[in-house]
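Subject: Structure handover

Hi,

I am passing this structure on to you, with some notes on what turned up in it. Have a look at it first, and then read on.

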Amino acid sequence: MSKLNQNDANHESIKNEIKKHEDNLKFLNSQSNRLAESILDLQVSLGRYHSCSVITPDNESGSSNTEDDTAEQILKKENSAAGIFCWLKANAQTSNLALEKDAVGVVATLARVESDELSRILSEYLGLQTMLAIVCSTNEGVNALEKPYVGGFVANDPQKKLAIPKPRFPNEECPAGFIDYAVNMLYLESNNLSFVTSSGHGLRETLFYGLLSGLQVYRTRNEMMSALPCIDEGAVSLDGGMIKKNGMFVLGSRKDVEVKFGIVSGRSGVVPPNYSQAEEVVRRLKWESTKLAEDIQREQQLLDHLKAKSADKVA
Amino acid sequence: MKRSFPWDEPGQNPDSSSNNIPLPIPSIDLTSQDILIRRAEMYQEYMKQIPIPSQRGSVIPFNSWMGLGKSIKQLYGQPLHYLTNVILKQWDQLRLNSKDEYKPLDNLIHPTKAEATIWLMEEVHRQTSSHFQIAELWKLDPMYNCSVDAIFPTSENVL
């Protein structure tokens with residue numbers, strides 16, 4: 001008799017657990033719907049602004065030429081994945097292919113720099129294979145770093161640069177000719193600054209920190225050589241000098257670089273101050289949405305497991 | 001309590017704000033205490049049910065704590081707890097600008113010891129954490145989801 005009661009009690013307890021998880025799922029789904037509504041509202045407002053705003057090609061910076069140059073350089077590499085990717089993107093019939101949802105872009109197109117010298121030396125440092133690599137937004141792609149960036153960011157910086165302490169000699173002086181870290185000298189579009197990876201990070205602290213780490217940029221070769229005691233992770237100079245991360249020196253004349261980063265000149269936008277803030281909020285809410293979906297998956301797994309257990313007991 | 005959004009902050013420059021486009025305030029507040037507590041409860045219940053692997057064979061080379069965490073997740077097909085991921089990140093942060101920052105980490109700490117330490121921490125976090133305390137930490141860390149691992153495809157059979 002008592003064994004039957006025990007079985008009943010167990011069965012009742014499992015039934016209650018199942019109900020709890022079903023309620024949790026209802027709650028999560030309702031949160032998910034509200035989030036989707038908020039995202040849609042914001043997108044509609046931003047879309048309305050677009051349809052009645054006036055951004056003519058003349059208002060844009062003169063950077064579009066060099067972006068096209070980069071795209072042309074990539075297309076010349078006909079047999080590369082990057083070449084095919086860019087070709088697919090450029091054609092209306094193929095630009096919506098599924099691969100685009102996961103592919104962020106070709107490395108060479110994901111950043112711009114301020115000068116031709118910097119573009120050459122960085123593109124040479126990274127090498128053609130890296131410049132042509134296609135970046136994907138899955139964990140294995142952008143997050144595959146040996147040593148992830150765990151430091152802070154420069155406060156109130158629209159470009160979200162990394163707060164890496166300047167190199168210093170033992171006497172605390174900064175080496176002459178040091179300009180900045182290469183990773184901070186890249187200009188990224190706002191949609192690549194945050195919420196690109198599944199962990200919510202932007203490309204600077206993930207992809208570009210992974211490729212460049214603490215690579216230092218100097219004005220001249222001589223100044224770079226004088227700063228050797230301060231150089232831990234490689235350095236380049238604007239006049240073509242290069243110290244690779246493994247310590248190898250490349251001091252000769254520059255090679256022709258086949259694919260380079262585009263150049264950014266002074267940007268002149270007529271976008272309202274809160275526009276890019278709103279865009280970032282949309283990206284953030286979309287990211288929160290994927291996290292909520294993961295909560296739903298976890299809860300569903302618990303529910304399925306319980307239902308299987310309950311079915312076993314009945315059988 | 002609704003989270004404020006950048007376009008309705010009081011400190012905005014009146015000149016620039018007159019050029020701002022009208023934007024809706026999102027109706028959902030993901031940082032409300034009730035929502036956080038409920039989500040933390042679900043999360044903790046899930047993590048508590050994942051068994052700690054008993055068979056551990058290989059020695060995993062590593063150059064950072066977060067790197068070791070990632071290798072462990074891939075090798076055993078399991079997520080690690082939010083609290084564990086946070087500690088691994090802190091340990092990596094603690095190395096910044098240290099004298100041995102560029103020495104391979106597995107030269108300083110033996111990989112077997114490192115992995116065993118992570119599993120011990122993980123067991124403590126899975127078995128003994130209160131979801132109320134986790135919700136408090138999440139309240140202070142709006143980007144807490146950075147350190148919450150997604151479900152693993154192979155962990156469908158983990159429970």
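A salt bridge here is a side-chain nitrogen of Lys or Arg within 4 Å of a carboxyl oxygen of Asp or Glu. Over all chains, the structure holds 19 salt bridges.

Before the details, a word on conventions. This is a predicted model, in which local features need pLDDT of at least 70 and side-chain atom pairs count only at pLDDT 80 or more, while totals for chains, interfaces and linings use all residues. Residues are numbered from 1 along each chain as its sequence is written, chains are lettered from A and ligands numbered from 1 in the order in which they are written, and side-chain values use heavy atoms, with hydrogens and water left out.

**Salt bridges within the chains**

A:Glu258 and A:Lys77 form a salt bridge through their side chains (2.4 Å, N to O). A:Glu258 sits in the loop between strand 8 (249-250) and strand 9 (262-263) of chain A, and A:Lys77 in the loop between helix 2 (64-76) and helix 3 of chain A, so the pair ties together parts that are 181 residues apart in sequence. Helices (H or I, at least four residues) and strands (E, at least two) are DSSP runs, numbered from the N terminus. A:Glu258 is partly exposed at 46% relative accessible area, and A:Lys77 is partly exposed at 22%. For these classes, buried means under 20% relative accessible area, exposed over 50%, and partly exposed in between (1.4 Å probe, protein chains only).

Another salt bridge joins A:Arg120 and A:Asp116 (3.3 Å, N to O). These two residues are 4 residues apart in helix 5 of chain A, so about one helical turn separates them. In chain B, the side chains of B:Lys103 and B:Asp100 meet in a salt bridge (3.3 Å, N to O).

**The inside of chain A**

Helix 5 (residues 116-126) of chain A has 8 of its 11 residues buried, so it is largely enclosed by the rest of the structure. After this helix comes A:Gly127, with a positive phi near 90 degrees.

A nonpolar core is a set of buried Ala, Val, Leu, Ile, Met, Phe, Trp, Tyr and Cys residues joined through side-chain atoms within 4.5 Å. The largest one has 47 residues, and A:Ile74, A:Leu122, A:Leu186, A:Phe208, A:Leu212 and A:Phe261 have the most contacts inside it. Helix 5 of chain A gives the most to this core, with 5 residues. Another core, of 25 residues, lies apart from it and includes A:Leu35, A:Leu42, A:Leu285 and A:Leu303.

**Where the chains meet**

Contact means heavy atoms within 4.5 Å. Chain B brings 47 residues to the contact and chain A brings 53 residues. The area buried between them is about 4,500 Å², and carbon and sulfur atoms give 60% of it. Buried area is the accessible area (1.4 Å probe) that two parts lose on being put together, summed over both. On the chain B side, B:Ile21, B:Ile28 and B:Met42 lose the most area to chain A, together 13% of what that side buries.

Between chain B and chain A there are 2 salt bridges. A:Asp295 and B:Arg39 meet in a salt bridge (2.6 Å, N to O). Helix 2 of chain B gives the most to the side of chain B that touches chain A, with 8 residues.

Leaving out residues up to four places away in sequence, A:Arg298 touches B:Tyr43, B:Tyr46, B:Val148, B:Asp149 and B:Ile151. A:Lys291 is also in helix 10 of chain A and counts as buried at 4% relative accessibility. With that sequence limit of four places, A:Lys291 touches A:Ser198, B:Arg39, B:Asn145 and B:Val148.

Most residues other than glycine have a negative phi. A:Ser213 has a positive phi near 45 degrees, and this residue is buried at 7% relative accessibility. B:Asn97 has a positive phi near 60 degrees, and B:Asn97 is exposed, with a relative accessible area of 58%.

Enjoy exploring!

Best wishes
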